[in-house]
Amino acid sequence: MGQLKPVEDWTTDFEVLDDGYIHDPFTVWDKLRDTCPVAHTNRRGSTWLLTTYEDVTAAAHDIATFSSLDIGVIPAVEDEFEPLPYGLPPIGADPPLHTWTRRLLLPWFSHKRVDGYEEMTRDLCNKLIDGFIAEGHADAAAGYAQQIPVRVIAKILGVPEELSDTFTGWVRDVLEFADVEERAIRGRDGILGFLLEQMPLRKEDPRGDLISELLHTEHDGEKVEDSVVLGIAALVLIAGIDTTWSAIGSSLWHLATNPDDTARLVLEPELMDSAVEEFLRAYSPVTMARVVAENTDFKGCPMAKGDKVLMNFPSANRDPAAFDRADEVVLDREHNRHVAFGSGIHRCAGSNLARMELKVALEEWLRRIPEFHVAEGAEVTWAGGQVRGPRSVPVVF
Amino acid sequence: MKIRVNEEKCQGHARCYALAPEVFDVDDYGQSSVKNDGWVPDALENKVRLAVENCPEYAIEVLEP
């Protein structure tokens, strides 16, 4: 995305897809929090960027002013294709649609259900490691982190695991390449076209998976509409893959570049739970957008109806006003009210699953590869925008 | 120590359940609740204080310290 206009002033003309920002957003966030905590840009329409913990959580709770009808950090392509009249509920919906669709979805990601996926996740991690451990090197992002969540989500949705690479490609198109129109359309049409093919099969022959169950669920005495089921299934596919893989990848990148932390986690595995929370805080992948529902004044900023507001959870989680030693990774941090999974009624529905996957992925990696570092001369690459995480982390061990 | 989970504030992050599963319960929708009518055994008070400090929604209220 090198053709983007360079940013001269981050307070009035920020660019979330700027290469330097994607690589190191931390210095920009620190400066904005200190000097201009609500930044603005007119790139892709009038858009505000919230950077403090206080502002991000306040906006997340003010659902009347900040609507979820448009949550894309990069605006969606507008064309004729419109099989989703309700968008992607519950995340892309306001109450009341949000409320009842969320209740349909939450039990699929309860602790009990997630416990049932742990063994397959552990097996999957070990199979992946089996594939590269003898070589002494691997891509911790593309060859490991990226391969895990997609297969668990495929299982939950009841779609073939063999299509994992295809799903990953579509989800990257939609999120990572949202700014490249042909790729954004290809990803969107790929996901929706595939699900539209699958739904009739499950209507006839329910298989106990998420899509089948939703198609045979009632709300207020009526069958849930197909377009609502389509939206929920697409959401699970999109939101359940790139996000968690980015968190696993960032955590492994941190360990590959901080051998003291790696050694400590290997020696003190009981720290894993707090370490997982700390990685989620320090390398939160997800920024969510809202659309301003009515003209409003937010901290002295005149937000107009229709403006975009970016709730920068990753920056909120690095806010020194909310966290001691906010810029350091403290594996045994005791007080950690991070909002990596959001705040308020849109708290990530899959947070239990994401936490389990991140923990198991790190445990199995460290159990089998307790010492590793970034290969000399190798380039670590990052993606950003809605979801920030490494795309390639070549390591040797 | 007596505590309660404010149901209006709880959004199902489940940090309390992760930190003190002996004290908190969580249902299929992520809603947390406190076992034993909110009374916390002395031996678990430190765990519960951690849960209070880690709840992103400030949903755990200490009724009697």
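Which are the buried residues of α8(A)? They are A:Phe167, A:Trp170, A:Val171, A:Asp173, A:Val174 and A:Leu175, and the views below, drawn from a predicted model, show where they sit.

**Figure 1. Chain A as a whole.** Welcome to the overall picture: chain A holds 16 helices and 14 strands. Its radius of gyration is 21 Å, close to the 21 Å that the globule rule gives for 397 residues, so chain A is as compact as a globular protein of that length. The C-alpha trace spans about 55 × 55 × 40 Å along its principal axes. Of the 397 residues, 48% count as buried. Among contacts between residues at least 6 apart in sequence, 70% join residues at least 24 apart.

**Figure 2. Helix α8 of chain A and its neighbours.** This helix covers residues 164-175. At 1.5 Å a residue, its 12 residues should span 16 Å, and the end C-alpha atoms are 16 Å apart, which agrees. Its buried residues include A:Phe167 and A:Trp170.

**Figure 3. An open sheet of 3 strands in chain A.** The strand order here is β4-β14-β11, with antiparallel pairing. At the edges stand β4 (137-139) and β11 (373-374), each with a single partner strand, so one side of each is left without a neighbour in the sheet.

**Figure 4. Where β4 meets β14 in chain A.** Strand β14 (residues 394-396) runs antiparallel to β4(A), and 3 bridges join the two. Look for A:Ala138, which stands opposite A:Val395 in β14(A).

Methods:
Residues are numbered from 1 along each chain as its sequence is written. Chains are lettered from A and ligands numbered from 1 in the order in which they are written. This is a predicted model: local features need pLDDT of at least 70, side-chain atom pairs count only at pLDDT 80 or more; totals for chains, interfaces and linings use all residues. Helices (H or I, at least four residues) and strands (E, at least two) are DSSP runs, numbered from the N terminus. The radius of gyration is taken over C-alpha atoms; the globule rule is 2.2 Å times the number of residues to the power 0.38. A residue is buried if 20 or more other C-beta atoms lie within 10 Å of its own, exposed if 12 or fewer, and partly exposed in between; C-beta atoms are placed from the backbone. Two residues are in contact if their C-beta atoms, placed from the backbone, lie within 7 Å. Two strands pair if DSSP finds at least two bridges between them. The expected span of a helix is 1.5 Å times one less than its number of residues.
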